[in-house]
Amino acid sequence: MLDLDPTVIRDIEGADDVRAALADRIRDATRSSAARTVRVSVPVPGRMRPIDWVRARSSAEAVYWSGRDEDRTVAACGTADVVSGSTAPVDYQALGRVLDERLDGADSGVRYYGGMRFDAGQPTAPNRPDGRWAPFGAYRFVLPRFELVEADGTLRLVCTLVLPRDAERVDEIVDALGAVALPVPSEHTALPRPHQRQDVPGHGEWTEMVRWALDAIEGGSLDKVVLARRVALSLGAPMDPLLVLSHLEPATPGCYHFAVRPSRGAAFVGASPERLFRRAGRTVVSEAVAGTRPRGETAAEDARLRQELLQSPKERREHAFVRDAIRDDLDRVCREVRIPKKRGELALARGRHLHARITGTLRPDTGTTDVLEALHPTPAVGGVPTDDAVAAIRAREPFDRGWYAGPVGWVGRDAAEFAVGLRAGLVEEAQMALFSGAGIVEGSAPDREWDEIEQKIGDFAAIMGVSDPRMASR
C-alpha cells in the first residue's frame, strides 16, 4: 500500500471537501425554476496561484484576468454561456442587447470575459488571412463555468449557473467539477528558448512603411498613424501559453495581465499597461497613453529620461492627439467629461509613457458597448483621423492584427473594464507571435520607431531567456 505524506493526505481530503461542498450548492441552486444567472461558491483553504490552477485544465476553454488597479484575480475554465460573432463590421447595438439580456437580473459578480478584433469594422483582409485568429471570432465573450477567484487575500471556487437551462444538466456539471484540480502546487518550469525569429515586416519594408506614413502626414491626409510589427519566434518545444503568462506577470508589475484560450487553437496572452475604460454605474474612466522612453539603469539616468519624455515636442504632440481624441469620443456618450490640465507619467518596470486620466459621466441609457464603440480604437493604437488611419493600417500592414490592440476585458451588469490588448502574443504549440507598434507623427524616424518596438517586446524577450531582443531581427 502506498504510504502518503500526511500533508498530501490532508490536501487531498481538503480538496474533496471543497468539491463536495460546491456540488451541494450547485444542486441546491438548480432546484429553482426562476430564469436567472447565479453564482455559487465555497472558500478554498491554503494558498494557490490561480494561474497554476487554470493551467491544470489544459484542454478546457480558459480565461485569466488580473486588473491593474483591482485586488482581484480570476482564473476560469469551461463555459456556462458564450456570446460570439464572426462577421464584421461588428454590430455594437446588437451585441449590447444580447449582453444586457443575459446579464439582466444576474447575481452580482457575474462577468462575461473576452474581447474583439482591432479592426472590428471590416472583415479580415482576404490577401493575408491568419487562421490562428479564427477561433476568437470578430468578438467572443465567455461566461465561465468554474472560476478560482483570489480577492482580499482569500480564495473561492465559484460555479456559475444559467437557470433554468442548467437544471437539466446538473449531473454533467457536478461531474465536470470532479475534474477540477485542487490543490495545485506552484510551478516554475523554464520556458523553451527561441531558436529562430522572423520580423513581419522586415527592417527594409518597415522603413518604407514609415516613410509612406510621414509623406501622408506631410501631405495633410493623416496626423498620426500607429504602425505595428509581428515578431514570430520558433521555439525548441511546444509550450503552454499560460506558462508564458505565469512568467510574464511577475516581470511586468503595474499592468493588466490577461489570457484568452478558446477550446481549440492558439491562446492570446499579454501584459498591457493601458486601460481602454472602466465603467462603474454612470461613471466611466479612460486614459490617454502615448510617447515612450525606457527606464534608466541609475536614478540619475532615469530622471533624465523622464524629463526627456515630458519635454519632447514629438512625444507631447503624439500624446495630445490621443488625449484630445478620447475627450471628443467620450463627449459622444457622456454629459460631462473631465480632463487634467497637466500631463503625467505612467512608469513601468521597463519603460514609461505620457499619461492622462480622463473621467466622464455617462448619459442615461448609455450601455457598455456604446462606450466600446465610441472609444475603440483610440489614437494610441489607430491614429488620427481614426477612420483614415485604420484604413492605412489595413492597407499597409502585411499581417492580420487579430485581437492585438483590440479591447480585452469583462462586462458585468452596469460595470465593465477593458484593457487595450498590447504587449501581447499569440501562442500555439512551438510558435509565438509577438505584436507591438509605434505611433508615427511628424518628427518620427524609421530606425527610432523600430528600436522603440524592440524595447516594448523586451518583456517577452527577457522571460524567454533572450537578453538581446534584437536577436536575428535584421
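User: Let's start with Ala-405: is that residue buried or exposed?

Analyst: Ala-405 has a relative accessibility of 1%, and because buried means under 20%, Ala-405 counts as buried in this predicted model.

User: Where does Ala-405 sit in the chain?

Analyst: Ala-405 is placed in the loop that runs between H10 and strand E17, the latter spanning 407–412.

User: What is its phi like?

Analyst: The phi of Ala-405 is positive, near 70°, and this occurs in a residue other than glycine.

User: And Asp-365, what about its phi?

Analyst: Asp-365 is not a glycine either, yet its phi is positive at about 65°. Asp-365 belongs to the loop between E15 and H9, and with a relative accessibility of 79% it counts as exposed.

User: Thr-366 is in that loop too, so is Thr-366 buried or exposed?

Analyst: Thr-366 does lie in the loop between strand E15 (351–362) and H9, and at 10% relative accessibility it counts as buried. Leaving aside residues up to four places away in sequence, Thr-366 touches Arg-279, Arg-282, Val-333 and Val-371.

User: How do H3 and H9 lie relative to each other?

Analyst: Helix H3 covers residues 92–103 and helix H9 covers residues 368–375, and their axes come within 8 Å of each other while crossing at roughly 150°. Angles over 145 degrees count as roughly antiparallel, and H3 and H9 are therefore roughly antiparallel to each other. The crossing in which H3 passes H9 is right-handed.

User: Which residues make that contact?

Analyst: From H3 the contact involves Tyr-92, Gln-93, Leu-95, Gly-96 and Leu-99, and these meet Thr-369, Asp-370, Leu-372 and Glu-373 in H9. Sorted by class, the contact of H3 with H9 is made up of four nonpolar, three polar and two charged residues.

User: What about H5 and H11, at what angle do they cross?

Analyst: The axes of H5 and helix H11 (residues 446–456) cross at roughly 120° and come within 9 Å, and the crossing of these two helices is right-handed. On the H5 side the contact is made by His-203, Trp-206, Thr-207, Val-210 and Arg-211, while H11 contributes Pro-446, Asp-447, Glu-449, Trp-450 and Ile-453. The residues of this contact between H5 and H11 divide into five nonpolar, two polar and three charged.

User: How far apart are Met-209 and Arg-261?

Analyst: In sequence Met-209 and Arg-261 are 52 residues apart, and in space the distance from C-alpha to C-alpha is 32 Å.

User: Changing topic, how many aromatic pairs are there?

Analyst: The structure holds ten aromatic pairs. One of them joins Phe-277 and Phe-418, a tilted pair with 5.5 Å from centre to centre and 40° between the planes. Phe-277 lies in strand E11 (residues 275–280) and Phe-418 in strand E18 (residues 415–420), so the pair ties together parts that are 141 residues apart in sequence. Both Phe-277 and Phe-418 are buried.

User: Which residues do ring pairs link into a cluster?

Analyst: That cluster is formed by Trp-133, Phe-136, Phe-258, Phe-268, Phe-399, Trp-403, Tyr-404 and Phe-435, which are linked by ring pairs.

Methods:
Residues are numbered from 1 along each chain as its sequence is written. This is a predicted model: local features need pLDDT of at least 70, side-chain atom pairs count only at pLDDT 80 or more; totals for chains, interfaces and linings use all residues. Side-chain values use heavy atoms; hydrogens and water are left out. Axes are lines fitted to C-alpha atoms, for helices over the stretch in contact, and angles run from 0 to 180 degrees between N-to-C directions. Helices (H or I, at least four residues) and strands (E, at least two) are DSSP runs, numbered from the N terminus. Angles under 35 degrees count as roughly parallel, over 145 as roughly antiparallel, 65 to 115 as roughly perpendicular and the rest as oblique. A crossing is left-handed if the near helix is turned anticlockwise from the far one by less than a right angle, and right-handed if clockwise. Contact means heavy atoms within 4.5 Å. Ala, Val, Leu, Ile, Met, Phe, Trp, Tyr, Cys and Pro count as nonpolar, Asp, Glu, Lys and Arg as charged, and the others, Gly among them, as polar. Rings of Phe, Tyr and Trp (its six-membered ring) pair if their centres lie within 6.5 Å; planes under 30 degrees apart count as stacked, over 60 as edge-to-face and the rest as tilted. Buried means under 20% relative accessible area, exposed over 50%, partly exposed in between (1.4 Å probe, protein chains only).
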